[in-house]
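Subject: Structure handover

Hi there,

Here is the structure I promised to pass on to you.

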Amino acid sequence: MTDSTDTPLRLYARRPASVANHRAMRPASSGQLRRTPFLPGDRILFTRLVLCCGGDALAHSLGSSGTFLPVKGIHMASVTFDCATRSYGGSDRPALDQLDLEIANGEFLVLVGPSGCGKSTSLRMLAGLEPIDSGRILIGNRDITDVEPQNRDIAMVFQNYALYPHMTVGANMGFALKIAGVPKQERESRVLEASRILDLEPYLDRKPKALSGGQRQRVAMGRAIVRNPQVFLMDEPLSNLDAKLRVQTRTQIASLTRRLGVTTVYVTHDQVEAMTMGDRVAVLKDGVLQQVDTPRRLYTSPANIFVAGFIGSPAMSFIDLDINEGEMSLGGTVYRVPRSVADAALTPKITVGVRPESFEMVDRGIPVTVDVVEELGADAYVYGHTMIDGNRHELVIRSKANTPPPIGSRIDVLPVAASMHLFDPTTGTRLSTEDSTVHV
């Protein structure tokens, strides 16, 4: 735009021919801008705004779901949450409490956590659908905290597909472009390109009712792709699919977003989805960010008891033990705790976390009564209980698939010392590190 304080800012709006209350005005033809002001009572169905200053123009077009629709090629950007907070009346804590999170350009980041943790709230704040009480949000270097949703250059895929049932697949994918006034040839080119990426080309002339759930979800993604946004937002898009289709579609989404290279923020409550799809995963609880790291690091080095128990399927088992002169006893075996860990503990007790695959079946160890056996083909998981220092503990042990123990039987197990995770039972914070492992 021309930088001149003497040049007035003029706001023009395209007026659709179908708008009622035209008074004596004649309807505008396609592509024609009406330079007369709107009259009181006029109803605007779809609008394209052009800000003109000194002869230069920047066009912002609205998509069918209200998201900004850039007209030119794909451009990516990082996303930053800077102490972003959102509270609702009647609640004793914020729905999202000072979220500090940086998402790199082109990164696929997954927000995961139980219901009510703030993951969908954070996504809606990024989309502009929820106001921010304090803090700010940036896309690239641009502060979008107070920017209207249609001007944020994002595309959102919802849990429900929100497809127009009377339109074909091609018309659904290109509808936002049509409303934005994108020329027909360019519109068809973008739809065709997106349909090839999503393997939807054979279905372009079908109606949504003739598609499977996975195909409908891909159409919804295609509608977002043709907009060429800076950021994709996905709010539990696989929740409506059956288990087999969910596995197939999540693989396709992960592969597709990496091919496109667009920054993606994906919300799910399913930690398996989070671990298999994300470049990094952000775990939230009660509106507070617990840890953000790669899936592998979350599994091997959880920051606290909550992350340790939430990430991993089946979940980690926890046992509370006493520390005496840097040692703890379990199943007749004495384990030496690193001095740095013993000194960091606030009490003489410690919480030990053990993954199912880190238990070994032995002749003499922790006596476990088998309650349930899950046979999954390649593996079998034994769910059992034991009494330690008068307290009942539930344990999950991975067993050989071809020789699982019978229900009701007793087995003896011991954890592998180097694979133990140590936590403070008071704060839940992780105490052990890769350089301070337990030894027998």
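Predicted model: local features only at pLDDT ≥ 70, side-chain atom pairs only at ≥ 80, totals over all residues.

Residues are numbered from 1 along each chain as its sequence is written, and side-chain values use heavy atoms, with hydrogens and water left out.

**The helix pair**

Helices and strands here are DSSP runs numbered from the N terminus (helices are H or I with at least four residues, strands are E with at least two). Helix H4 (residues 213-225) packs with helix H5 (residues 243-260) at an angle of about 20°, and their axes are 10 Å apart. That makes H4 roughly parallel to H5 (angles under 35 degrees count as roughly parallel). The axes are lines fitted to C-alpha atoms over the stretch in contact, with angles running from 0 to 180 degrees between N-to-C directions. The crossing of the two, H4 and H5, is right-handed (the near helix is turned clockwise from the far one by less than a right angle).

On the H4 side, Gly213, Gly214, Arg218, Met221 and Ile225 meet Leu245, Thr249, Gln252, Ile253, Leu256 and Leu260 of H5 (contact means heavy atoms within 4.5 Å). By class, six nonpolar, four polar and one charged residues make up this contact of H4 with H5, with Gly counted as polar.

**Salt bridges**

The count comes to 13 salt bridges (a side-chain nitrogen of Lys or Arg within 4 Å of a carboxyl oxygen of Asp or Glu). Arg86, Arg124, Glu130 and Asp133 are linked in a network of them. Within it, Glu130 pairs with Arg124, the closest N and O atoms being 3.4 Å apart. Glu130 is buried at 14% relative accessibility, whereas Arg124 is partly exposed at 31% (buried means under 20% relative accessible area, exposed over 50%, partly exposed in between, with a 1.4 Å probe and protein chains only).

Two other salt bridges to look at:

- Arg297 with Asp293, closest N and O atoms 3.8 Å apart; Arg297 is partly exposed at 34%, and Asp293 is partly exposed at 22%.
- Glu394 with Arg392, closest N and O atoms 2.7 Å apart; Glu394 is partly exposed at 47%.

**A loop residue**

Gly332 sits in the loop between strand S16 (327-330) and strand S17 (333-336). Gly332 is exposed, at 70% relative accessibility.

Best wishes

Conventions. Parallel < 35°, antiparallel > 145°, perpendicular 65-115°, else oblique.
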